[in-house]
Amino acid sequence: PAHAHARAPHTPSLPLPPASLPRRPRGVGGADAMNVTAVDFLTHWKVVSAVLGKYDGRDKCLASLQYAMMAVAAGKPGWQLTMAQALGASRKPFRFGKPLELAVPVLFAQGPYAVGSGPEHRRLLAKLKALGLIAFVGLDNIGWLNKVGAISVGGKEAAAGLSKASFRGWFVASVAQLLLELDTLARAVAKGAKAADAGDLEGVAAANKARDKAAIAATQAAAQTLLSAGLAQVITGMSPRQLGTVGVVSSGLSLYSMVSALMPPRKAKTV
């Protein structure tokens, strides 16, 4: 019939109820995005301020720039080499008092100031590291006093020998630190394997986090060992550019570890 092909009367579409409308996720765009950005900026700024507020943080920043200029200069005269030498000299006065600070834990075999913890081999390595650092910083202080004319240790050969002995103390401390970090890494890997065998997922996650932290620390210690070996002439033939590059890696990893330790844990995303 003809009326079968007739179109149904047009019914205007009704608007969707508010509950069915798609909602924009929080924190995306607009004021929410600005607030999140401001909070992130303040969080990172607080971390940077905390790092720069510590002696080690400021020293590693100056060291990174010093070694970067050393690598760029490549031993050739110029403003880059002058800046590297000036930065190296500016770090020395802040090391006064460090030998005493490092010696106190070694002198106390027990108590809150005792150096090292855990098994006997770790305590011995911690003491060896402390003794190496005491020699490094103490001899460096004497060398700086000789350079500014406050004392005299002899001619240029004596000053050069003093500098080499200082760097060899740093090399001993760096080797001890590298062995400590490798031991920590091996312990974290073993702990993760044990947790995996037991089906402990939280234990595996914690062990993996400790493993990654130890791997970064071991890499930094390895770079520092190579740097100190080159400066102490335990390893000969390293060019100023190579020493500077290794120094940047070592100082950069130290700064990364400092920043990572101060960063607040990230909150899990909610849907």
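A74 is partly exposed, with a relative accessible area of 23%. I began with this residue in what is a predicted model. The threshold explains the label: buried means under 20% and exposed over 50%, so 23% falls in between. I then looked up where A74 sits, and found it in the loop between helix 2 (55-73) and helix 3. Its backbone was worth a note. A74 is not a glycine, yet its phi is positive, about 55 degrees.

**Entry: the whole chain**

I stepped back to the overall layout. I counted 8 helices and 0 strands. In sequence order the pattern reads α-α-α-α-α-α-α-α. The chain has 271 residues, and buried residues make up 27% of them. I also checked contact range. Among contacts with a separation of 6 or more, 71% join residues 24 or more positions apart.

**Entry: R91**

Next I went to helix 3 (residues 79-91), where R91 is found. Is R91 buried or exposed? R91 is buried, at a relative accessible area of 8%. I looked for a polar partner and found Q66. The side chains of R91 and Q66 are joined by a polar contact of 2.8 Å. I listed the other neighbours too. Leaving out residues up to four places away in sequence, R91 touches D59, L62, A63, Q66 and Y67.

**Entry: helix 6 and S166**

I turned to helix 6, which runs over residues 156-197. Helix 6 has 42 residues. From first C-alpha to last I noted a reach of 62 Å, close to the 62 Å expected at 1.5 Å a residue.

S166 lies in this helix. I checked its accessibility: 3% relative accessible area, so S166 is buried. Which residues does S166 touch, not counting those up to four places away in sequence? They are A135, F136, L139 and D140.

I followed the chain past the end of the helix. Just after helix 6, G199 takes a positive phi of about 75 degrees.

**Entry: helix 7, start to finish**

Helix 7 covers residues 201-231. I looked at its N-terminal end first. D200 caps it, with a side-chain oxygen 3.4 Å from the backbone nitrogen of E202. Helix 7 has 31 residues and reaches 45 Å between its first and last C-alpha atoms. That is close to the 45 Å expected at 1.5 Å a residue.

Inside helix 7 I picked A207. A207 counts as buried because its relative accessibility is 4%, under the 20% limit. I then checked C-alpha distances. A207 and G192 are 15 residues apart along the chain, and their C-alpha atoms are separated by 4.8 Å. With residues up to four places away set aside, A207 touches A188, K191 and G192.

At the other end, helix 7 is followed by Q233. Q233 sits in the loop between helix 7 and helix 8. Its phi is near 65 degrees, a positive value in a residue other than glycine. At 45% relative accessibility, Q233 counts as partly exposed.

**Entry: helix 7 against helix 8**

Two packed helices are described by the angle between their axes and the distance between the axes. What are the angle and the axis distance for helix 7 and helix 8? The angle is about 145 degrees and the axes are 9 Å apart, with helix 8 spanning residues 240-262. I noted the crossing as left-handed.

I listed the residues that make the contact. Helix 7 supplies I216, T219, Q220, A223, Q224, L226, L227, G230 and L231. Helix 8 supplies L243, V246, G247, V249, S250, L253, S254, Y256 and S257. I sorted them by type: 10 nonpolar, 8 polar and no charged.

V246 counts as buried at 15% relative accessibility, because the limit is 20%. Which residues is V246 in contact with, leaving aside its neighbours within four places in sequence? I found A223, L226, L227 and M238.

Terms used:
Residues numbered from 1 in each chain as written. Predicted model: local features only at pLDDT ≥ 70, side-chain atom pairs only at ≥ 80, totals over all residues. Heavy atoms only, no water. Axes fitted to C-alpha atoms, helices over the stretch in contact; angles between N-to-C directions. Helix = DSSP H or I, 4+ residues; strand = E, 2+ residues; numbered from the N terminus. Left-handed = near helix turned anticlockwise from the far one by under 90°. Contact = heavy atoms within 4.5 Å. Nonpolar A, V, L, I, M, F, W, Y, C, P; charged D, E, K, R; others polar. Buried < 20%, exposed > 50% of the residue type's maximum accessible area, 1.4 Å probe, protein only. Expected span 1.5 Å × (residues − 1). Polar contact = N/O pair within 3.5 Å; in protein donor to acceptor, adjacent residues only side chain to side chain.
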